[in-house]
Amino acid sequence: MAIEALHKVKFVTLGCKLNFSESATIGQQLLERGIARTVVGDEEPTICVVNTCSVTSLADRKCRQNIRSLIKRYPKALVVVTGCYAQLQGKSIAEIDGVDIVLGNEQKGDVVDYIERWLNDHHSELAVTPHKDIRRFSPSCECGDRTRYFLKVQDGCDYYCSYCTIPLARGRSRSGTIASLVEQAQDVARRGGKEIVITGVNIGDFGKNTGEKFLDLLKALDAVDGIERYRISSLEPDLLDDEVIAWCSASRAFMPHFHIPLQSGSDEVLRLMRRHYDRALFARKVERIHELMPHAFIGVDVMVGTRGELPEYFDDSLQFIASLGVQHLHVFPYSERPGTMALRIPYIVPKAERDRRVALMMELSDRQQREFIERFLGTNRPVLFEQPPAGSKVMHGFTDNYIRVTVPYRKELVNTVAQVKLDRSIISTTHNS
């Protein structure tokens, strides 16, 4: 089929890196099946796919807004909604006039089949497997229109934190096999990819269904010829073994870059959250990284204003996090989620106070990231430059330790690693670790 004859698909992807990887995979599958290609520029799509997030009430609202906006803007297009919000609220989404297909996370790997059926018979479908019955692991390793590839190694979560609906949205923890994941990394190398970001819902739980170990996965990936860089997207502190830290510090291709969810620096709040560690354990992990990789970038997830977070608990948390010496905080306010255990906790932090606490944490994050960058001014670091948007006069890339660099666009630099002397004129901070 000529490329001009293909349907044109527009993706709206909300939420995490895992969702991005899965959307990119769906796009590649549509192209390989001769069904659709991704829209370019202002082209009008004939198919719209919304890959949703439901981590907060704000995420839910953004999902609904995006769905309705697409229906209004492209009334003749097929509209497909999948992802976590579809898993949790599939029936209500299906009742929106203009939505044609709603698929839960178990069905996400079959999106192309559902689209093909709809193109043949125009029958709307709602397919959502109850979370307790989700068993399938759908592989995903794509870069979309980016330079870095995102490799999904694990899905689902067996942690039932008091504030979180992710286990209800993603199902039980499950993984791909090391052999299959290495094969996907080898394919990335054949396609010219230089960097792979390892993604999942709770990747430290890798191998629960296969009997394999996360460290063995890292070792196998490190041995893949052609891949120059790996990054681990997020790893729970109680699952971040000292052995993993030590191995990454001496590995060939794993970057000195960690993202570790903390959520709170108060032990009292961590207990209310039903987290699986205390702050002493977290501090030990950070200290170990600093010992072995003093140049490493460490990003941390922090939730503020959760139920039960008394003022003195927040003050304690802020002071503790300031003492860690991490480089970036991904800060978000607590959001009430239906069906979670947190709703039973009596003390509710007023919205204005939650906003104030977010601002204080963000100020701390900005200060610590600036101090980190200052340490490397005047030094040379390896930077992988990424493909910029069409027409851009600048391009950016990241050093091995995740300092963002922006330079004038040069085509020959795209997807190459170059030594760059860091100075203030080319460095910008980022809040996306």
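Angles under 35 degrees count as roughly parallel, over 145 as roughly antiparallel, 65 to 115 as roughly perpendicular and the rest as oblique. The views below show a predicted model, in which local features need pLDDT of at least 70 and side-chain atom pairs count only at pLDDT 80 or more, while totals for chains, interfaces and linings use all residues. Residues are numbered from 1 along each chain as its sequence is written, and side-chain values use heavy atoms, with hydrogens and water left out.

**View A. Packing of helices H6 and H7.** Helix H6 (residues 178-190) packs against helix H7 (residues 214-222) at an angle of about 30 degrees, the axes being 10 Å apart; axes are lines fitted to C-alpha atoms, for helices over the stretch in contact, and angles run from 0 to 180 degrees between N-to-C directions. H6 and H7 are therefore roughly parallel to each other. Helices (H or I, at least four residues) and strands (E, at least two) are DSSP runs, numbered from the N terminus. Ile178, Leu181, Val182 and Ala185 of H6 meet Asp216, Leu217, Ala220 and Leu221 of H7, contact meaning heavy atoms within 4.5 Å. These residues comprise seven nonpolar, no polar and one charged (Ala, Val, Leu, Ile, Met, Phe, Trp, Tyr, Cys and Pro count as nonpolar, Asp, Glu, Lys and Arg as charged, and the others, Gly among them, as polar).

**View B. Packing of helices H8 and H10.** The axes of H8 and H10 come within 10 Å and cross at roughly 20 degrees, which makes H8 roughly parallel to H10. From H8, Asp242, Ile245, Ala246 and Ser249 take part in the contact; from H10, Lys285, Arg288, Ile289 and Leu292. By class, the contact has four nonpolar, one polar and three charged residues.

**View C. The open sheet E13-E14-E15.** Three strands form this open sheet with parallel pairing; two strands pair if DSSP finds at least two bridges between them. Strand E13 (257-263) and strand E15 (328-333) stand at the edges with a single partner strand each, so one side of each is left without a neighbour in the sheet. E13 pairs with strand E14 (residues 297-304) over six bridges, and Ile260 has Val300 in E14 as its bridge partner. Helix H10 (residues 279-292) lies across E13 and E14, at about 165 degrees to E13. Helix H12 (residues 351-376) touches E14 and E15, and its direction makes about 170 degrees with that of E15.
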